[in-house]
Amino acid sequence: MEGKVVKTQQQQQQQPLLTPYKLGKFNLSHRVVLAPLTRQRSYNNVPQPHAILYYSQRTSKGGFLISEATGVSDTAQGYKDTPGIWTKEQVEAWKPIVDAVHAKGGIIFCQIWHVGRLSNTDFQPNGQAPISSTDKALTPISMGVEVAQFSPPRRLTTDEIPQIVNDFRVAARNAMEAGFDGVEIHGAHAYLIDQFLKDQVNDRTDQYGGSLENRCRFALEIVEAVVNEIGADRVGIRLSPYSHFMESGESNPEALGIYMAEALNKYGILYCHMVELRIVNGEEDASGCHSHQPMRNAFKGTFIAAGGYSRDNGNKAVAENHADLIAYGRWFLANPDLPRRFELNAPLNKYDRNTFYTSDPVIGYTDYPFLEDNGNA
């Protein structure tokens with residue numbers, strides 16, 4: 001057939017991304033991971049039937065998927081129509097989505113999050129202030145999504161923190177009830193856990209602030225609670241020590257990353273998902289950055305890298321042992337058959353940023369074409 005993409009044995013051999021990997025008890029057929037992607041199509045914080053198709057499209061037999069960030073409580077929300085997993089209705093709504101992934105032989109973890117101060121009173125119960133490690137307000141910013149104005153947060157008191165830890169524990173239990181294979185704790189990108197980790201944000205003077213050990217305490221208490229609830233072999237965490245997103249920078253990101261990696265080893269969790277620096281000299285490029293290498297060396301479990309990876313430098317990162325698995329976001333969003341396209345070195349659909357966060361159940365969501373739609377299967 002004209003235009004048909006033909007794979008060769010040599011092409012397959014040159015792609016470490018397409019080799020099998022044993023992720024704890026899960027047998028992966030390749031190392032291309034669906035990164036957690038906020039899509040804002042869970043109306044009223046309840047997952048919708050159209051998500052069944054979206055996740056199913058991106059599932060391959062032995063493929064590993066991480067769900068979009070999912071709120072652990074009614075105080076965890078900061079964006080319109082993001083899903084939660086704190087109510088029975090939400091748990092029930094996730095079940096057919098997870099079932100669809102399993103039906104195609106995929107493995108799916110639920111990423112559980114709390115946005116902290118990246119919110120405003122409109123998203124909070126009874127119009128209250130968002131909670132955080134601090135009472136420092138965020139500068140308003142145009143993000144291309146619903147929330148651009150942030151209400152001044154309220155600093156959590158020391159004796160309130162165990163309740164938030166418990167919210168993560170219950171969310172993990174609910175994820176198991178929904179059928180997920182595990183959970184990923186969202187400790188990255190300036191959300192609540194990151195607000196405790198980073199010294200640009202955390203200005204506390206109690207046992208959750210000041211020293212590196214104190215700033216990491218909240219994150220590790222959540223890890224411990226979740227591990228105790230569902231087992232270490234079903235728990236991962238996402239971290240972004242180098243990120244300065246949303247005024248959440250860290251003066252010594254390498255020290256933070258290494259401390260967390262070593263501390264996580266004590267709990268024996270399944271994986272650490274580290275976000276790379278994506279911008280190099282003003283350009284998106286993950287080819288030779290590997291800012292996470294010291295954390296990769298320190299962490300004893302599976303290491304997932306994310307951040308601007310292409311097919312080629314993803315293969316290179318695995319080949320050179322910089323990571324075990326590579327998570328792809330925007331390219332997987334636009335190419336539901338991304339592992340297949342990598343296998344064939346086929347052209348990729350371009351993604352449309354304008355439809356990343358629209359509420360349409362189809363456009364920019366489930367309408368990106370597969371290779372066979374183009375006659376290139």
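Modeller: The chain carries 36 positive and 43 negative side chains, with the centres of the two sets 5 Å apart. This is a predicted model. Its mean pLDDT is 92, and 90% of the residues score at least 70. Residues 1-8 have a pLDDT below 50, and this stretch has 12 contacts in the model beyond near neighbours in sequence.

The secondary structure consists of 11 helices and 15 strands. The radius of gyration is 20 Å, close to the 21 Å that the globule rule gives for 377 residues, so the chain is as compact as a globular protein of that length. Along the principal axes, the C-alpha atoms fill a box of roughly 65 × 40 × 40 Å. Of the 377 residues, 59% are buried. Among contacts between residues at least 6 apart in sequence, 73% join residues at least 24 apart.

Now the backbone. Most residues other than glycine have a negative phi. Asn 45 has a positive phi of about 70° although it is not a glycine. Asn 45 sits in the loop that runs between strand E3 (32-34) and helix H2 (50-57). Its relative accessibility is 19%, and buried means under 20%, so Asn 45 counts as buried.

Asn 321 also has a positive phi, of about 65°, and is not a glycine. The loop holding Asn 321 lies between helix H9 (311-319) and strand E15 (325-328). With a relative accessible area of 46%, Asn 321 is partly exposed.

Terms used: Residues numbered from 1 in each chain as written. Predicted model: local features only at pLDDT ≥ 70, side-chain atom pairs only at ≥ 80, totals over all residues. Heavy atoms only, no water. Helix = DSSP H or I, 4+ residues; strand = E, 2+ residues; numbered from the N terminus. Rg over C-alpha atoms; globule rule 2.2 N^0.38 Å. Buried < 20%, exposed > 50% of the residue type's maximum accessible area, 1.4 Å probe, protein only. Contact = heavy atoms within 4.5 Å. Lys, Arg positive; Asp, Glu negative; His and termini not counted. Charge placed at Lys NZ, Arg CZ, Asp CG, Glu CD. pLDDT = per-residue confidence, 0-100.
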